[in-house]
Each structure stands twice: as structure tokens, then as C-alpha cells.
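Visitor: Please give me a close look at how the side chains pack and pair here.

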Amino acid sequence: MNAIAKPKTTTSSVAISSYRDQHFKGSRTEQERLLLQSCTLYIGNLTFFTTEEQIHELFSRCGDIKRIVMGLDKVKKTPCGFCFVEYYARDEAENAMRYVNGTRLDDRIIRTDWDTGFKEGRQYGRGKSGGQVRDEYRSDFDEGRGGYGKIVQSKIRPRESL
């Protein structure tokens, strides 16, 4: 009797999101394949003050972490609100997607997403000013992410001394 293998089903908490890295070097098909096999997560909406130790403490509850790569401002080389967490096994990364995505860390709701795998150079922000692109256009004041967005900050002039 021939048994037909059913594709592995995933719950919505571990499903691949619709977001795709526009800087991925390869075809869309290759990117999809890597995302389905990946043990690496992109972690976003971190404060600029969140430490690697805090990330390790939270994410190690889901499995053994191979490495953590903190996102850095490409100019200042300071944290800029994201990181990559790589696990040894896919099921451990799936646990993080299920149980850590949407939780609070440093008073912020963090988000996790699948990543095709960390490559050197991706730890740097892609914004024009060195940080994340979204922080350049943000118009609200966010103390955990450096205050106002870079574009708003450039329009605010310091008060002159009287």
C-alpha cells in the first residue's frame, strides 16, 4: 500500500508571514524554501536599550539558542531595535513563534518573524541615517526608540538660549 505523505500543517502562530526581505539575493521560490526550513527568527520592535542577555533569557525558554545577533545602527554601531535569534532546531524556533511572538519585553510588544538565515552585514540598519527605515518616518515620540523619528527630529530646532 502506497502511503502519501501529507504536508506538515502549521498553526497561524508559526506560519510564514507575507513580509519578504526585499534585499534577499535569490528567487522568491528559494526564499520561500529557506523560510520553511529556517531555524532563525527576526525579532522586531525592541527598545534601543534591550540587551542580548534579556533576549537570551526570554527566547531560551523555547529551546537551545545557537546565537543571537543584535541589530546595530550602521553609523553609530549602537542597538537599533531588532535582532536575529538562531536556534539549533526548527521545532524550538516554532515554539518561540508560538509562545514569545506578541509578548512584552521592556514594556514593548515584540514581534517575531521567520528569517531565511543570518548573513554577515544584515545586522546593520538599512535606514538613510543608519538605523531602521521605519524609525526615520515615525512621527510619534517613542522614548524606547530614540524619541521622534529622524525626519521629525531634523525639523525640530533646538531652542535658542535667552
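Guide: A search of the whole structure finds 0 disulfides (pairs of cysteine sulfur atoms within 2.5 Å). Before the packing, some ground rules. This is a predicted model: local features need pLDDT of at least 70, side-chain atom pairs count only at pLDDT 80 or more, and totals for chains, interfaces and linings use all residues. Residues are numbered from 1 along each chain as its sequence is written, and side-chain values use heavy atoms, with hydrogens and water left out.

Cysteine 62 is buried at 11% relative accessible area. Cysteine 80 is buried too, at 2%. Buried means under 20% relative accessible area, exposed means over 50%, and partly exposed lies in between (1.4 Å probe, protein chains only).

The largest nonpolar core has 22 residues. Such a core is a set of buried Ala, Val, Leu, Ile, Met, Phe, Trp, Tyr and Cys residues joined through side-chain atoms within 4.5 Å. Leu41, Ile43, Ile55, Phe59, Val85, Tyr87 and Ile110 touch the most other members. At least two core residues come from each of strand S1 (40-44), helix H2 (52-59), strand S2 (65-72), strand S3 (79-87) and helix H3 (90-99). Helices (H or I, at least four residues) and strands (E, at least two) are DSSP runs, numbered from the N terminus. In soluble globular proteins, nonpolar side chains tend to be buried together.

Zoom in on isoleucine 43. Beyond its neighbours within four places in sequence, isoleucine 43 is in contact (heavy atoms within 4.5 Å) with Phe59, Gly81, Phe82, Cys83, Val85, Ile110, Arg111 and Thr112.

Next, charge. The structure holds 6 salt bridges (a side-chain nitrogen of Lys or Arg within 4 Å of a carboxyl oxygen of Asp or Glu). Side chains of opposite charge can pair when their charged atoms come close. Take glutamate 86. Glutamate 86 forms a salt bridge with lysine 66, with closest N and O atoms 3.7 Å apart. Glutamate 86 lies in strand S3 and lysine 66 in strand S2, so this pair ties together parts 20 residues apart in sequence. Lysine 66 is partly exposed, at 47%, whereas glutamate 86 is buried, at 15%.

Glutamate 86 also forms a salt bridge with arginine 67, at 2.8 Å between the closest N and O atoms. This pair, too, links distant parts of the chain: glutamate 86 in strand S3 and arginine 67 in strand S2, 19 residues apart. Arginine 67 is partly exposed at 36%.

Elsewhere, arginine 61 and glutamate 57 meet in a salt bridge through their side chains (3.3 Å, N to O). Arginine 61 is exposed at 64%, while glutamate 57 is partly exposed at 47%.

Last, serine 38. Serine 38 lies in the loop between helix H1 (28-37) and S1, and is buried at 5%. A polar atom of the serine 38 side chain lies 2.9 Å from the backbone nitrogen of threonine 40. Not counting residues up to four places away in sequence, serine 38 touches Arg90, Trp114, Asp115, Thr116 and Gly117.

How values were computed
Polar contact = N/O pair within 3.5 Å; in protein donor to acceptor, adjacent residues only side chain to side chain.
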